[in-house]
Amino acid sequence: MKLTPAYWNERYKKSQTGWDIGYPSTPLVSYIDQLDDKKIKILIPGCGNSYEAEYLVENGFTNVFVLDYSTAAIAQFKKRVPKFPEDQLLTLDFFKLIDQFDLILEQTFFCALDPALRNLYVSKMKELIVPGGKIAGVLFNKIFDKPGPPFGGTLEEYKNIFAKTMRIKTLEPCYNSIPERAGNELFFIFTI
């Protein structure tokens with residue numbers, strides 16, 4: 001299945017964004033709150049409305065980049081957070097991004113990609129993260145009964161995919177998911 005920019009633009013224009021909880025994800029807020037260095041370079045791919053990016057900026061982080069290939073998603077984010085630096089709004093295909101980051105935050109991007117792209121996702125993440133850098137976030141620990149997106153997965157599947165190229169620091173059931181996702185998320189931190 002090819003999920004094109006047109007597909008995602010249509011979803012945003014029609015407000016068909018069931019994954020969008022309307023505020024920063026609790027597990028990511030908890031993770032962000034323990035970060036000390038406000039100057040680290042952070043990427044949020046497949047950002048959508050990216051309440052997490054807004055939260056980061058409100059809490060003094062200055063080097064935050066958001067990426068989505070949906071122009072509608074970026075436009076909505078820009079309208080909601082007008083002071084966000086223009087040159088840190090990236091409207092392009094994640095797989096074509098050339099840059100490096102200290103930290104990449106994962107929040108519903110992985111599950112939006114066709115599972116056939118998962119190995120490519122891992123390879124691209126390794127390329128985008130500086131040596132010693134991290135990717136952290138949440139993954140669904142559930143197989144969905146309907147065709148995606150979202151596309152689910154299991155802890156064992158994620159171990160097999162990510163352990164080939166990254167060190168698994170944390171990959172465990174998420175204790176602070178929002179109620180609607182309780183018991184169905186894994187929190188993770190992988191390092192390069």
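The following conversation covers the aromatic pairs, the cavity and the pockets of a predicted model.

Trainee: What should I know about the model before we start?

Mentor: This is a predicted model, in which local features need pLDDT of at least 70, side-chain atom pairs count only at pLDDT 80 or more, and totals for chains, interfaces and linings use all residues. Residues are numbered from 1 along each chain as its sequence is written, and side-chain values use heavy atoms, with hydrogens and water left out.

Trainee: How many aromatic pairs are there?

Mentor: The count comes to 15 aromatic pairs. Rings of Phe, Tyr and Trp (its six-membered ring) pair if their centres lie within 6.5 Å; planes under 30 degrees apart are stacked, over 60 edge-to-face, and the rest tilted. One of the pairs is F65 with F101, which is edge-to-face, at 5.8 Å centre to centre and 70° between the planes.

Trainee: Which parts does that pair tie together?

Mentor: F65 lies in strand β2 (residues 64–67) and F101 in strand β4 (residues 101–107), so the pair ties together parts that are 36 residues apart in sequence. Strands here are DSSP runs (E, at least two residues) and helices likewise (H or I, at least four), numbered from the N terminus.

Trainee: Are F65 and F101 buried or exposed?

Mentor: Both F65 and F101 are buried. Buried means under 20% relative accessible area, exposed over 50%, and partly exposed in between, with a 1.4 Å probe and protein chains only.

Trainee: What about F94 and F109?

Mentor: Their ring centres are 5.0 Å apart and their planes are at 70°, so this pair is edge-to-face. F94 is buried, with a relative accessible area of 3%, and F109 is buried at 10%. F94 and F109 belong to one aromatic cluster, together with F95, F110, Y121, Y158, F162, F188 and F190.

Trainee: Which residue lies over the face of F65?

Mentor: K41 does, at 5.4 Å from the ring centre. K41 also lies over the face of F101, at 5.1 Å from that ring centre. The rule requires NZ of Lys or CZ of Arg within 6 Å of the ring centre and within 35 degrees of the ring normal.

Trainee: Which residues line the largest cavity?

Mentor: Among them are E106, Q107, T108, V138, L139 and F140. The largest share, three residues, comes from β5. Q107 lies in strand β4 and is buried, with a relative accessible area of 8%.

Trainee: And the largest pocket, what is its volume?

Mentor: The largest pocket has a volume of about 900 Å³. The largest pocket is lined by 43 residues, of which W8, W19, T108, F109 and A112 lie nearest its centre. α1 gives the most to this lining, with three residues.

Trainee: What is the volume of the second largest pocket?

Mentor: The second largest pocket has a volume of about 190 Å³. Its lining has 13 residues, of which Y31, L35, I40, L103 and K134 lie nearest its centre.

Methods: 1 Å grid on protein atoms, 1.4 Å probe; cavity = no way out; pocket = protein on both sides within 12 Å on 5 of 7 lines; lining within 4 Å. Points joined across faces, edges and corners; volume = space filled by probe spheres on them.
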